[in-house]
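Here is a short note for a colleague opening this entry for the first time. Please keep the structure in view while reading the points below.

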Amino acid sequence: MARLGLLQLDSVPVVMRTQYLPLFARLGPYDPNLLDRVAYRDDEWFETWCHEASLMPTVDEPLMRWHKARCAAGQTWKGLVRFAAENTRYVDVVLDQVRERPLAPGELEDPRPNSGDWWGSRSDGSAALDWLFRVGEVGIRRRPGFVKEFDLLERIVPSEVRAQPTPTEEEAHRELLMRAAASLGVAAAPDLVDYHRLPKRPAKERVQELVEDGRLEPVDVEGWDRPAYLHPDATLPRSIDACTLLSPFDPVVWFRERGERLFDFDYKIEIYTPAAKRRFGYYVLPFLLGDDIVARLDGKTDRTERVFRVFGAFAEDGVDRGSTAARLAHALDDLATFVGVDGWVIDGDRGDLIGPLAAARGGRS
């Protein structure tokens, strides 16, 4: 977690909650309760708005205050800003209730049905809590089922962290860019800016300042059509022996432009694409083998039947399908173990790798 520095959250549990999968890709099967303990019981990490909704180390809380200040000043989340301005008394009442005890939106004394158009079917209570979260008054822990529990941020972030001076927006951006560089090793400016979803134009100026200060080293990467930057502590591993399936929200692939530059891998999440127009499937997992992405797989965890269902498997151009399928079968074994089912089955016929994968599965003793 320290090397990643950031885990994106997402509510779609097709395989399992996405924050658990980047660690699985690096460690293999592990106990996901360890992450829950670090983030939601020990408060070593905290939820914040960063690379979308994210978990970050609690010690980095000062670096995200600029984002909360922008929201409080009405520069972001315009609908939520308008709601808070029109419902100041109600927002204050909601905050008073959180002071009394941590709670979920439905536990408010008056959750209030939605009175506007900002959150669809969500209650005004949910909107008030979300506003208080965005401006830094409250934080979020998670109950079983990924249910949000709101508590005062001061009861989540330790006093010694809250007492730290608030960096200027420029200072915070420079430090976040350095953290991104440490996590990525070598990166183009857009990669660094996207890691914490910083404002693009000013953040690119901060990258140049880091170069001028000697904190980032400009380098050339073969095949890249733009400058790259190396973190001073980056090391080149002697070998990479990965054999794992990646979440769509893994830092290896979450910035599509970087994925194309590194792996010649054209990737799009098709959750919001109409079914008839999807190329590969609803929730597609890239398959990382060695230091290359060689295939992608569409699947879903079926907890009722306790199996992982494979709907499609697709090889990238130029890979050996037989050997790739054999390694993919081992990666699926690990994934099934990790998500807590008894095994995996082929439940579809899409893709040029589905046949070899079926043969690899059937050829086992």
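1. The lining of the largest cavity has five nonpolar, two polar and two charged residues. The model is a predicted one. About 70 Å³ of space lies in this largest cavity. A search of the whole structure finds one cavity of 30 Å³ or more.

2. Which residues line the largest cavity? They are Thr48, Trp49, Met64, His67, Lys68, Cys71, Trp77, Phe133 and Arg134. Two or more lining residues come from each of β2 (45-50), α3 (65-72) and α6 (124-134). Helix α3 gives the largest share, three residues.

3. Now the open spaces. The largest pocket has a volume of about 1600 Å³. It is lined by 42 residues, and the closest to its centre are Arg3, Ser183, Leu184, Pro237 and Ile240. The elements that give two or more residues to this lining are α1 (21-27), α8 (169-184), β9, α11, β10 (284-290) and α12 (321-339). The largest share, five residues, belongs to α1. By class, the lining of the largest pocket has 26 nonpolar, eight polar and eight charged residues.

4. The second largest pocket holds about 570 Å³ of space. Of its 29 lining residues, Leu9, Asp10, Ser11, Trp49 and Ala53 are the closest to the centre. At least two residues of the pocket lining come from each of β2, β3 (52-57), α6, β4 (138-143) and β5. The lining of the second largest pocket divides into 14 nonpolar, five polar and ten charged residues.

5. Look next at serine 247. It sits in the loop between β9 (242-245) and α11 (256-263). Is serine 247 buried or exposed? Its relative accessible area is 0%, so serine 247 is buried. The side chain of serine 247 makes a polar contact with the side chain of threonine 18 at 2.7 Å. The serine 247 side chain also reaches the backbone nitrogen of phenylalanine 249, at 2.9 Å. Neighbours within four places in sequence aside, serine 247 is in contact with Thr18, Leu21, Val253, Tyr283 and Leu285.

6. Aspartate 151 is another residue to check. It is found in strand β5 (residues 147-152). Why does aspartate 151 count as buried? Because its relative accessibility is 3%, and the cut-off for buried is under 20%. Which side chain does the side chain of aspartate 151 join in a polar contact? That of arginine 141, at 2.9 Å. Not counting residues up to four places away in sequence, aspartate 151 touches Val98, Pro102, Val138, Gly139, Arg141 and Ile156.

7. Finally, step back to the whole chain. There are 13 helices and 13 strands. Of the 365 residues, 52% count as buried. The C-alpha atoms fill a box of roughly 65 × 55 × 40 Å along the principal axes. For 365 residues, a compact globule would have a radius of gyration near 21 Å; the chain has 22 Å, so the two agree. Among contacts with a separation of 6 or more, 60% are between residues 24 or more positions apart.

Terms used:
Residues are numbered from 1 along each chain as its sequence is written. This is a predicted model: local features need pLDDT of at least 70, side-chain atom pairs count only at pLDDT 80 or more; totals for chains, interfaces and linings use all residues. Side-chain values use heavy atoms; hydrogens and water are left out. Helices (H or I, at least four residues) and strands (E, at least two) are DSSP runs, numbered from the N terminus. Buried means under 20% relative accessible area, exposed over 50%, partly exposed in between (1.4 Å probe, protein chains only). A polar contact is a pair of N or O atoms within 3.5 Å; within protein, one must be able to donate a hydrogen and the other to accept it, and residues adjacent in sequence count only if both atoms are side-chain atoms. Contact means heavy atoms within 4.5 Å. On a 1 Å grid over the protein atoms alone, a cavity is a set of points where a 1.4 Å probe fits but cannot get out, and a pocket is an open set with protein on both sides within 12 Å along at least five of seven lines; lining residues have an atom within 4 Å of a point. Grid points are joined across faces, edges and corners, and a volume is the space filled by probe spheres set on the points. Ala, Val, Leu, Ile, Met, Phe, Trp, Tyr, Cys and Pro count as nonpolar, Asp, Glu, Lys and Arg as charged, and the others, Gly among them, as polar. The radius of gyration is taken over C-alpha atoms; the globule rule is 2.2 Å times the number of residues to the power 0.38.
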